[in-house]
Amino acid sequence: MSVSRDEVLRIAQLAELDVDDDALPEIAEQMSRILDYVAQLSAIPTNGTVKTFVPGPDAMRFRPDEVAPSPLMFGPAQFAPAFKEGFFVVPKLGQFE
Amino acid sequence: MSQAWETVIGLETHVQLRTRSKMFCGCSTSFGAPPNTQVCPVCLGLPGALPVANGAAIGLAVRGALALGCTVHPKSIFARKNYFYPDLPKGYQISQFDQPLATQGSLSFLSPERGAVTATIVRLHLEEDAGKSIHDRFPKATAVDLNRSGVPLIEIVGGPDLRSPAEARAYLQTLKQLLEYIGISDCDMEKGSLRVDANVSIRRAGETALNTRTEVKNINAFSFVEKALGVERDRQIALVESGGSVSQQTMLYDAKESTVRPQRSKEESHDYRYFPEPDLPPLVLTPEFVAEQQSELPELPGQKRERFMAQYALSREHATVLTASRAVAEYYEHVVRAPAEPQSAANWVMTEALADAKDHQEQLRVSPAALAQIIALVKGGTLSNQAAKRVFAEVASKGGDPRTIAESLGLVLVADTNVLAAWVSDVLGAHAPEVGRYKNGETKLMAFFVGQVMRASKGKADPKLAQRVLEEKLSA
Amino acid sequence: MSDARAVADRLIKAKRLNALLTPAKDLRKSLLAQAEAARTTGVLYGMPVAVKDNICTLEFTTTCGSKILEGYQSPYEATAITKLKAAGALIAGKTNCDEFAMGSSTEHSAYGRVIHPLDKARVPGGSSGGSAALVAAGAVPAALGSDTGGSVRQPAAFCGVVGMKPTYGRVSRYGLVAFGSSLDQIGVLGRSVHDAARVLSVISGRDARDSTCEDRDPLRLPTVPESLQGFVIGLPKEYFPAELDPAVKRACDRAIRMMKELGAAVREVSLPHTPYAVPTYYVIAPAEASSNLARYDGVRYGPRFDGHQDLHALYRTTRGQGFGPEVRRRILVGTYVLSAGYYDAYYRRAQQMRALIAQDFRNAFDRGVDLLFTPTVPAPAFKAGEKLSDPIAMYMSDIFTVTANLAGLPAMSLPIGRVKGLPIGGQLIGQAFLEDEMIEAAYALERVVPATDEA
Ligand SMILES: [Zn+2]
């Protein structure tokens, strides 16, 4: 199995990552190698009943419904790259996009 | 043209849960705060922040699921739905995917075309809301407010069981009523606390298979539901009848133009790459927790309607009107318990009380005890129906005791036979020819005499008593 | 307090290692202020602790070794930092690391590679390479790192210091910038077992802000034992393959002999799914990373790169130019394995394999083994640039460490000798939430093993 250039571009689009045309062959080659390498997992017989495993508590704890925001030492105006009249500002996005 | 076609509609409804704080952080959910002031590291999606679930939101979601007759799963899983959008701070929405909170419920409602219909509820799951993108605030730029980011929602996915836009509206109305009833949401479409997307397809009457559907979005007021779906149905029919075919796409409703238009979508936008949210352990519900939510549920509208019909001998129509809202139903029962005769109480609540409430921000301004007293005054012959309505209006606007008001307005009927006898003598004296005809067997003239007595008394005579006095005098 | 000045001087003297990202001026100023304010009754009063740059602090910027967070000042601090400060510790600057902790050499930092303190041609390991190098150079007694697949233990082994990764859920992750959320834990690098353990004890314990943090009291430190009498140490045979570096093998054998002499029972065990650990890890970690790193989009914080004309250009250039090549590679692989049609073949399969790997450990512990002993890394520190063009060779550096992350178990590396002057680490893997037993054994071994002698 190998990842094609088109597939890299499709994935890059999903991940919203610019990929240089020049870098494309190398990225495709490296992704292919990594994916070929991890593909050995699908060669192992695991019947569908094998459970998955996640560490950590077996059940989530519930937070009480209280207005108690986690502390924020300063507001968005001080870390946002573009902030105006209380809003984050991004390049226009059509309403019907 | 629509005769040959059947419409198939399924609604996906997003409902904001009535909590003080957000789904995964302690920020306030109150509406209308200045932009980006109800935010914290968690709902801003800052590096390193983590979600912690709000137990009250989970409780309300379980209540919703129980009210819809769903199977509530003892274990469900939160999942990440990945996509990029400026008002989605983490680049993913915490939602539920292949192991939702609840599945397999139903909602019965009254279809304007088919009568009682039971629609399936496929699933109900918890998720967090995104923020708000505002496109008309700045030229060439989009403004983002994250106050709403992280507000708790449930998504209720209905099956493709609705057969017309009007039916979809009735379904939504019933769902809204139910959710308001159980108090889990204020269901205010204008504030965005109830949002609906619709899957729409058409098929030839008699067909059973489902055809390609479109998703209609941006239906942001209750009154648009029927219109938007009608427009999309007509578009599909026209398309197919002119030899085209429906393609699976998202259509956005434009209320101003009353049109739908396809969303400009990039093909990748539907690969959400769901996977289990590693920041949250499984949502495990103990039987005690579910039982507690069950015990918090009030009598549901359907159950209440049936009980009203049985207990108060009301017609289905009357029972439906009286149980349409929890407040009205409770008011009615208070009037009956005051006590008042159930049918009279129903008539009064449905007419005077609801009309008054409609003009006064849904306030039921006359106390149940006062209304019961007014009904009793009519029944006891102290007030005429007309006079009672005036007393009701007076109590509604100024308050006070109905009898005192009736007396001060001079509306109490005169039941003193001496006074009545004087009016009767005057009337009989002034209408000798009619008296003669009456005595010759034309007894239907009694109504005429009663009317004349009422006129002479300026409406104050108790008509029943007046009739008795008339009968006595005429037979003498 | 003159100590704060001395602390700053020591850190600044280690500048040639490029291990510290905090400018000298900021560091001095902050350390003096912190020393003034430090709680004198705290158990770590006055102890300087350097902090990996992927843990949020109010004192200094938090860049994760990435251009995409250049100059980012967090408006809140990690729970671990709050706990350290409450114990009187001084936050002694932020340490260089592989970008977003993705790497095994600290060469993948946007702010330049970290130099191995003993050989400038070599890497200090990674991704917590800056923390390891500073501790090894004697600039601080302890430093925080993060360990997703070995990022604390592997650089500890390479630099000849102690590195501890607690049980998943022992230390709050609130404020640790997420890489692989189901694998990440904050860990500690220390010049001795005790230095690492006392810091770990302070940062451990419940936190209402992290749902995956267990509701448990902080770790209690054991006393230094006289012997290892009663301990059963398992040697998983899959961790001692024929191709293991002979010097590493010799150092391990020597440590094993010493544990026996201390009274421990040693027996071979098998963890049969070990060969699948690295591929499993390199599905799960990138998958989670691809989602965790979606928030770096230039909308709310961090610099914007070119492409302001439309939203997609903003996203794509900010992310395309803000992330370095290894991070981009992992985001692409992670996006791929989660995308439609591939989820079952990769992600689900990896989650199933993860369960089998965790079961291997349970089986070993169920048979009476208390702790496992293994080499931390198959070979000593490699040369800078040696593995940059071969991601899989780089990934194999994690082969003995990723299993503890996959199974959520506590593990640590301690120095057990040297080869040609380069340190070798031995790894202890414990049972969930039994860090105290692991630390007890490490105390005993540390006292007898000639950590700086050639093996
Ligand atoms: Zn918040």
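Where is C:S127 found? C:S127 sits in the loop between β2 (90-95) and α4 (129-136) of chain C, and the views below start from there. This is a predicted model, in which local features need pLDDT of at least 70, side-chain atom pairs count only at pLDDT 80 or more, and totals for chains, interfaces and linings use all residues. Residues are numbered from 1 along each chain as its sequence is written, chains are lettered from A and ligands numbered from 1 in the order in which they are written, and side-chain values use heavy atoms, leaving out hydrogens and water.

**View 1. A cis peptide bond joins C:G126 to C:S127.** Omega is near 10° here. For background, most peptide bonds are trans. Helices (H or I, at least four residues) and strands (E, at least two), here and below, are DSSP runs numbered from the N terminus.

**View 2. Two features in loops of chain B.** The bond between B:A338 and B:P339 is cis, with omega about 15°. Look for B:P339 in the loop between α7 (326-337) and α8 (342-359) of chain B. B:R273, although not a glycine, has a positive phi of about 45°. Most residues other than glycine have a negative phi. B:R273 belongs to the loop between β14 (259-262) and β15 (275-276) of chain B.

**View 3. The zinc ion is held by protein donors B:C25, B:C27, B:C40 and B:C43.** Each gives its SG atom, lying 2.3 to 2.4 Å from the ion. Donors are N, O and S atoms within 2.8 Å of the metal (3.2 Å for Na, K and Ca); water is not among the atoms, so sites may look incomplete. The angles among the 4 donor atoms are 101 to 118°, and the site is tetrahedral (four donors with all angles between 85 and 135 degrees). Along the sequence, the donor spacing reads C-x1-C-x12-C-x2-C. B:C27 and B:C40 both lie in the loop between β1 (5-16) and α1 (55-67) of chain B, so this pair ties together parts that are 13 residues apart in sequence.

**View 4. Helix α9 (residues 368-379) meets helix α10 (residues 385-398) in chain B.** Their axes (lines fitted to C-alpha atoms, for helices over the stretch in contact) come within 10 Å and cross at roughly 160°. Angles run from 0 to 180 degrees between N-to-C directions. That makes α9(B) roughly antiparallel to α10(B) (angles under 35 degrees count as roughly parallel, over 145 as roughly antiparallel, 65 to 115 as roughly perpendicular and the rest as oblique). Contact, meaning heavy atoms within 4.5 Å, involves B:A370, B:L371, B:I374 and B:V378 of α9(B) with B:N385, B:A388, B:V391, B:F392 and B:V395 of α10(B).

**View 5. Helix α12 (residues 417-430) crosses helix α15 (residues 463-475) in chain B.** The axes come within 9 Å and cross at roughly 60°. α12(B) and α15(B) are therefore oblique to each other. Residues making the contact include B:L420 and B:V424 of α12(B), and B:L465 and B:V469 of α15(B).

**View 6. In chain C, helix α6 (residues 193-203) meets helix α14 (residues 435-448).** Here the axes come within 10 Å and cross at roughly 160°, so α6(C) and α14(C) are roughly antiparallel to each other. C:V193, C:H194 and C:A197 of α6(C) make the contact with C:I439, C:A442, C:Y443 and C:E446 of α14(C).

Terms used: Tetrahedral: all angles 85-135°; square planar, octahedral: opposite > 155°, others 65-115°.
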